[in-house]
Amino acid sequence: MLNLRRNLLLRAERFRDFGLLVFIIVLSLVIQVRNPTFLTLSNINTLLVNASILSILAVGMMMVLIIRGIDLSIGSTIALSGMVSALTVSLYPTIHPVLSILEGVLVGAVVGTIIGLLVSKFNVLPIIATMGMMNIVRGLTFLVSGGKWISAYQMSVPFKKIATGSILGINTLIFIAVVIYIIFYYFINHTRTGRQIYAVGSNPEAAKVSGIPKTRIIWMVYIFMGALAGLAGVLWVSRFASAQGDTAVGYEMGVIAACVLGGISLAGGSGKISGLILGVILFGILNNALPLINVSPFWQQGIQGAVILAAIIINVLVKRSNERMALRHRVV
Amino acid sequence: MDNYILELRGVSKTFPGVRALDNVRFDLRPGEIHSIMGENGAGKSTFIKIITGVYIPDEGEMLFNGKPVTIQGTNDSQKLGIAAIYQHVTSYPDLSVTENIFIGHEIISKRTKRLLWNQMHAKAKDLLEQLGASFDPKIRMGTLSVAQQQIVEIAKALSVHAKVIIMDEPTAALSNRESEELYRITKKLRDDGVAVIFISHRMEDFERLADRVTVLRDAQYIGTWDKEEMDHDRLVMAMVGREITQMFPKREVTIKKEIFRVEGLGRHGVFKDISFTLHQGEILALTGLVGAGRTEVCESIYGITPFDEGSLWLNGKHITIGHPHEALAKGIGYLPEDRLGQGLILDWELYKNVTLPVLDKFSQNGVLDTLSERERTKEIIELLAVKATSVFDKAATLSGGNQQKLIVAKLLTADLKVIILDEPTKGVDVGAKTAIFNIMGDLALRGYGIIMVSSEMVEVLGVSDRTVVMKEGRIAAIFETAKTTQEQILRAALGTSEEGLDA
Amino acid sequence: MTERKLLTERGFSFKRFFLQWEWLLVLIFLLIHIINSFLSPYYLNVGTFVRTPMTFLDKSFLVLPMTLVIILGNIDISVGSTVALSSVVMATAYNAGISMPVAMLICLATATFCGLFNGLILVRFKELPAMIVTLATLTLYRGIAYIILEDQASGNFPDWFSFLGWGSVLGIPFMLIIFIICAVAFGFLLHKTTFGRIVYGMGSNKKTCLYSGIRTDKILLWVSILTGLMAGFTALFLTSRMGSTRPNVAQNYELEVIAMVVLGGVSTAGGKGRIGGPILAIFIIGFLSYGLGLVNISAQILLIIIGTLLITSVMVLNMRISGKRKRSGFGSHEVGKNLTR
């Protein structure tokens, strides 16, 4: 009877991924019926390009959620890093785009370092630390930009080509996203430090006792998140050829929504890349398809909120029913 | 000349207000099973934490293989080859069994530092099979039962070629069958040259496993004996240090009519068919091994967790309890097992703790009358002889025994008919224990019905009128305490037949 | 046997009285006024002290229930969105023909319902941390506001409506009068009633409260309802002051409100803090903002300052707590234990 219980729980996890996949397929078909331009090569490409920035951020947020944290500041970090790199390009147009990217990553990493320090060493709650930083960094963005925008004509062609160009035939953004995923997939599944992230999230007290450098791990995760947000910032301003003070306001909600849809547990300790990819795709479909079936953009935030709420509640209900089933199979 | 693998000499450890270990000595030979026995609060867990490096001794020295060592943290003890398996499993429920085994010493490729999962899974499977377990190491740790998780912990110790394995109350949460498995595994470890220290206050473990036994009492080292030199009574004398009967007050018992009844209570996967009656003036002991489900039954009665089948009867009338406040309103109180986490608010003053269950009594239309709170608290605290300077003392500053009395004070402010005490003397020093027994006897005399959950056989025999023994979620037996013996209770708790205990 | 006399009265201790957080706040408060008066020669007059609070008092209604929320060990970041939604609903209702007084009631009802909704989810799904639930409702409530009004403004309220936010009675701003009444009510609730005692208890140790027969769900629901109701008040006063409303009003209110509560000495760990501190903090941050406005510092820089204040206050409070714990022989304490798993 113990085997039965084990099998059921194992299956429940696979089931979730499978169910999500089925849902995505069904949803796509429904949308396609309403608007046949949905499943065209060009639309799918747009969808993927849009989703790629989100997906880069989602990897970072997944790690943050695994260690039982949260990061509300990534929208502001995107804005700051984007603004800084855009400003640099407008002043030094000959700068190589790779350097611009590195610059953005550095800005993001600095923000992440500060947040990580606050959370891991000073025991500030992640929500407080990142809510505070969200506003500090946003304020800095306005300061740095002097309240002005950087627009397309101020950006060098190579810079703008970061987002519009292609590597090996695939759009650069998608390419970068895929590379990031491969790197982080390897990191969290096949390196010792990567697994320690899961350990810290699964049982922080045991991690401390087993000699896992819990403080350093937590710090590191926030630095990664910041760096990824920094990268996303450069890609963002390149893609939209514009850097503004209010870039990416509220974007963190979408990232969190994608993670939650992908089954990342809010209690920490678990989350798989496969689920994350499905969550990102589903979220990308929602964003892409809603305008196609004539849903007004003003509905977007409301739907997002409803989706997050529904997803977290469903996750809880599924977990509860699993536990109840497991208990039922225990013979007393 | 004996070559000991581990030796402690003159080790002492003090915490604020408490002397946890006092000039303790200890020696451990390789390839032996050495049992540490003692009552609650004797110092066993502090002893283990010093060996594993969680605590650093204030005085004394430790020698490993004859050489002096300082163990300042779990990393040091692990490097020496000391591994510990605790009662509360310190594992990672979301990670796989293999990961739990190899965490901290993963198998990696020398060149790329990549984790070599295939090798680790294979090795994990191998270790598990050596221990007689057949489950797949790839599954999540959280899906395993407690017994299986313990086996994984042992596999973990084996994977680091531990020379000393410490087991803390290993059979506490295990069924009879699982305990047998554990005994077999432990003996095999010993035969392979590993030194095993196990802590237990259960005779059964001592009988089946120990080669030698060391007894601690009240933070002091009492002695070390070979198994052959020791028997039940001598061991109990060493642990308790006094004639057993002296501890318990003589009670004049007049048991009146039925006050509370449980019929056919059950909760899926936890307990089933629980039925017993409680009378006014009676102390009913609820005993069994840890994990038998006693606390779960009490929490269902008290309204913390719902039950799926059965009924409750108070004074002959059927009642339903959906929440602790209903239980209290109907006259059923509960002193929880986790005194600090569920019984008290440590940051709060005494008077605030005492009045918490019945704030309505100390307020008018919701407005608090702190003067009446403080005065009533003063009355009750003086009645129970709680050692404190003023009602403004924080609960955290009290000793364990006084904290327990404080929770009893809390219960007494409510109008109760039935009081459930869950391990009331756990972690309480000897003097306070007697005081608590006196209080219980007094309450019984006043007509309360008392249910006492206890794992201490001695306590159960000394205080209760009747004993309900639970085993693996069901009632194994109900005895008239005066007419039963420790052996009978133990046998019912373990579910063994006549020969089981002396094998 | 000695008669043990237990003390039921506690003498007055100067040290204990003056070593409190609130005195530090009073000092900072005075400091701000001193600095401000150097920044503007016209600062020190009665008019300033009467009119300036009207610029920040609207959000201060939220500080009162948020104090309860944080003492309880929870957090609520959806309050800004609740304000926006109820304001938008009121404006839409009025402009659809409903009388203004009724529209105002609808505003309060909407806000209270938003709070109740939060509370219901928290109570039914205890596995979900308050942070995540209110993060979801933050998005949902404001999202609904956008669905209703899109990017339009709505207003055209009757003239008398502006009295709420702009009017005075006997020289004292109406908002201030209502705020004082609410502050006194909340102070009484928190410090003198069983309800308040239970809030402190749940923030310190929710389990013990449950085992002591406290109906923790009921308390949580009431705190959520109060939060919603006060958000409704904020919506009324804010809308009255602005004369119209849009779905993007009250952005960042949650940041400022939480900053005020934390600056007021209420620790995110729960179970600690008094009402006086956050009230002082309201005026500190309010007059600080005003002073910064005098030297033309932009709103964005103000955000930086408030964000920094928030983080610094939490850090200082945490260090105070772990210092106290170490001294009394405890182990280290997770600040925010109720906000994570």
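Modeller: Happy to! Let's begin with a helix pair: in chain A, helix H4 (residues 97-120) packs against helix H10 (residues 214-240) at an angle of about 150°, and their axes are 6 Å apart. Please keep in mind that this is a predicted model. The crossing of H4(A) and H10(A) is right-handed. Sorted by class, the residues where H4(A) and H10(A) touch are 13 nonpolar and 10 polar, with no charged ones.

Now let's turn to the contact between chains A and C. Chain A contributes 43 residues to the contact, and chain C contributes 43 residues. The size of an interface is often given as the accessible area lost when the parts come together. Between chain A and chain C, the buried area is about 3900 Å², and carbon and sulfur atoms give 79% of that.

As for polar links, 4 residue pairs are in polar contact between chain A and chain C, counting pairs with both residues at pLDDT 80 or more. The count of salt bridges between these two chains is 1. That salt bridge joins C:Glu127 to A:Arg320, with the closest N and O atoms 2.7 Å apart. On the chain A side of this contact, the elements giving two or more residues are helix H5 (126-145), helix H8 (192-202), helix H11 (251-261) and helix H13 (300-329). By class, the chain A residues touching chain C are 28 nonpolar, 12 polar and 3 charged.

Definitions and conventions: Residues are numbered from 1 along each chain as its sequence is written. Chains are lettered from A and ligands numbered from 1 in the order in which they are written. This is a predicted model: local features need pLDDT of at least 70, side-chain atom pairs count only at pLDDT 80 or more; totals for chains, interfaces and linings use all residues. Side-chain values use heavy atoms; hydrogens and water are left out. Contact means heavy atoms within 4.5 Å. Buried area is the accessible area (1.4 Å probe) that two parts lose on being put together, summed over both. A salt bridge is a side-chain nitrogen of Lys or Arg within 4 Å of a carboxyl oxygen of Asp or Glu. A polar contact is a pair of N or O atoms within 3.5 Å; within protein, one must be able to donate a hydrogen and the other to accept it, and residues adjacent in sequence count only if both atoms are side-chain atoms. Helices (H or I, at least four residues) and strands (E, at least two) are DSSP runs, numbered from the N terminus. Ala, Val, Leu, Ile, Met, Phe, Trp, Tyr, Cys and Pro count as nonpolar, Asp, Glu, Lys and Arg as charged, and the others, Gly among them, as polar. Axes are lines fitted to C-alpha atoms, for helices over the stretch in contact, and angles run from 0 to 180 degrees between N-to-C directions. A crossing is left-handed if the near helix is turned anticlockwise from the far one by less than a right angle, and right-handed if clockwise.
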